[in-house]
2 protein chains.
Amino acid sequence: MAATIPDEFLDLMAEKFRMLADPSRLAILRSLMAGERSVTQVVEETGRNQANVSKHLKMLAEAGLVARRKEGLQVFYKLDDPLVERLCKLVCETIVEEAQEVMDRQKKLLDGWRVKKRKE
Amino acid sequence: MAATIPDEFLDLMAEKFRMLADPSRLAILRSLMAGERSVTQVVEETGRNQANVSKHLKMLAEAGLVARRKEGLQVFYKLDDPLVERLCKLVCETIVEEAQEVMDRQKKLLDGWRVKKRKE
DNA sequence: TGACTGGTTAACCATACAGGAATATACTTC
DNA sequence: GAAGTATATTCCTGTATGGTTAACCAGTCA
């Protein structure tokens with residue numbers, strides 16, 4: 001049995017999760033999963049506008065999920081929290097499983113309907 | 001290399017994370033990690049007020065993270081998503097590690113200061 | 001039926017925050 | 001230093017949501 005989570009952790013945990021609770025930020029993180037990227041590159045890969053990406057990157061940096069490096073005019077960001085990929089992977093897998101279950105259920109329904117139809 | 005996350009997943013993933021992005025909900029889930037609980041029990045264990053707990057439980061149920069069972073006057077909830085515990089555990093561990101690092105750093109600073117002090 | 005208990009919902013307020021547009025900053029180059 | 005490029009910030013608006021209180025069910029029991 002896992003030791004119970006201490007009260008003081010709840011806020012910290014919530015904040016980590018909050019960072020991942022937005023599709024745009026997830027898109028940004030996905031882009032960074034492939035490696036270090038300049039802001040412009042992230043903008044291109046995510047299709048979000050620049051101000052937006054910049055703001056989200058700032059949040060992520062402040063939360064310690066990404067690291068910032070400036071080089072001339074450009075600013076490069078990269079993942080800086082091993083947790084991110086693991087969390088995303090886990091959730092991603094679950095979504096696939098859930099989708100699979102839904103499809104299985106639908107398939108069964110459909111098959112049942114076909115059988116019934118044939119009997120008529 | 002993990003297959004890249006499809007666009008259609010981002011919203012679903014964000015929603016999962018959003019459910020975990022609130023300290024009250026985490027407290028509720030923590031309470032349910034010990035087993036099935038009535039609303040009143042959850043209220044007692046979390047210290048949140050009843051209306052509040054009820055609303056959060058509803059959200060969690062709609063998101064499929066908990067299951068609801070009614071028995072007479074009482075309503076019992078229990079975890080219904082194997083993901084929850086794993087995600088919480090992961091995040092929890094990271095927080096511990098981060099706290100450890102901070103403490104190590106502080107200890108080093110303090111030791112350095114002590115040495116300096118002694119030399120004076 | 002009426003009182004009581006456990007849960008839910010509604011109405012409200014305050015806050016956070018995502019997105020867009022415009023502006024500002026930082027650095028490079030000419 | 002003027003112009004240009006890559007980022008950051010500010011201002012604004014709409015929306016979501018957390019918390020609280022009070023009202024509202026739904027069962028139980030007398």
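**Symmetry.** I superposed the copies in this predicted model: a rotation of 180 degrees with 0.1 Å of shift along its axis puts chain B on chain A, RMSD 0.1 Å (least squares on C-alpha atoms of residues with pLDDT of at least 70 in both). That is the relation of a two-fold axis. I looked up which residue of chain B comes closest to the rotation axis, and F17(B) does, its C-alpha at 2.8 Å. The copies meet through the same surface, because 100% of the interface residues of chain B are also interface residues in chain A (contact means heavy atoms within 4.5 Å).

**Conventions.** I noted that residues are numbered from 1 along each chain as its sequence is written, and that chains are lettered from A and ligands numbered from 1 in the order written. Local features need pLDDT of at least 70, side-chain atom pairs count only at pLDDT 80 or more, totals for chains, interfaces and linings use all residues, and side-chain values use heavy atoms, with hydrogens and water left out.

**DNA strand D.** I found 26 residues around DNA strand D, with S54(A) and R18(B) among the closest (near means a heavy atom within 4 Å).

For V39(A), a backbone N or O atom lies 3.4 Å from one.

Conventions:
A polar contact is a pair of N or O atoms within 3.5 Å; within protein, one must be able to donate a hydrogen and the other to accept it, and residues adjacent in sequence count only if both atoms are side-chain atoms.
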